Amino acid sequence: EMVRACKPHREIFEKALEMASSSAAETVLIGDSMTSDILPAKELSIHPILIDRKGLQEAVGVPVIRSLKELLQG
């Protein structure tokens with residue numbers, strides 16, 4: 001709402017980086033949509049991780065997890 005944009009527009013990701021005082025290179029985005037989350041993140045050089053709880057999405061070149069608990073195991 002602050003940037004008057006929504007995903008997948010890059011402005012929302014840029015604002016999130018600004019608010020977190022973080023660079024894209026040191027940021028990880030976990031998202032459940034290739035088009036709304038993963039692809040825009042990759043365009044900004046944010047490290048994406050796809051969370052695919054049902055194992056139905058195809059994600060080439062992107063780490064995939066089925067549960068957030070997997071992040072603690074790795």
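1. The largest nonpolar core comprises 12 residues: Phe13, Leu17, Ala24, Leu29, Met34, Ile38, Ala41, Leu44, Ile46, Leu50, Ala59 and Val62. A nonpolar core is here a set of buried Ala, Val, Leu, Ile, Met, Phe, Trp, Tyr and Cys residues joined through side-chain atoms within 4.5 Å. Buried denotes under 20% relative accessible area, exposed over 50%, and partly exposed the range in between (1.4 Å probe, protein chains only). At least two residues of this core come from each of helix H1 (10-20) and helix H2 (34-43), and H2 provides the largest share, 3 residues. Helices (H or I, at least four residues) and strands (E, at least two) are DSSP runs, numbered from the N terminus.

2. The model is predicted: local features need pLDDT of at least 70, side-chain atom pairs count only at pLDDT 80 or more, and totals for chains, interfaces and linings use all residues. Residues are numbered from 1 along each chain as its sequence is written, and side-chain values use heavy atoms, with hydrogens and water left out.

3. Helix H2 has Met34, Asp37, Ile38, Pro40 and Ala41 as buried residues. The buried residues of H2 pack against H1, strand S1 (28-31) and strand S2 (47-51). Ala41 touches Leu29, Ile46 and Pro48, when residues up to four places away in sequence are not counted; contact means heavy atoms within 4.5 Å. Just after H2, Ser45 adopts a positive phi of about 65°.

4. The whole structure contains 3 salt bridges, each defined as a side-chain nitrogen of Lys or Arg within 4 Å of a carboxyl oxygen of Asp or Glu. One of them joins the side chains of Lys7 and Asp37, at 2.7 Å from N to O. This pair links distant parts of the chain, with Lys7 in the segment before H1 and Asp37 in helix H2, 30 residues apart. Asp37 is buried at 4% relative accessibility, whereas Lys7 is partly exposed at 42%.

5. Glu18 is exposed at 55% relative accessible area, while Lys15 is partly exposed at 22%.
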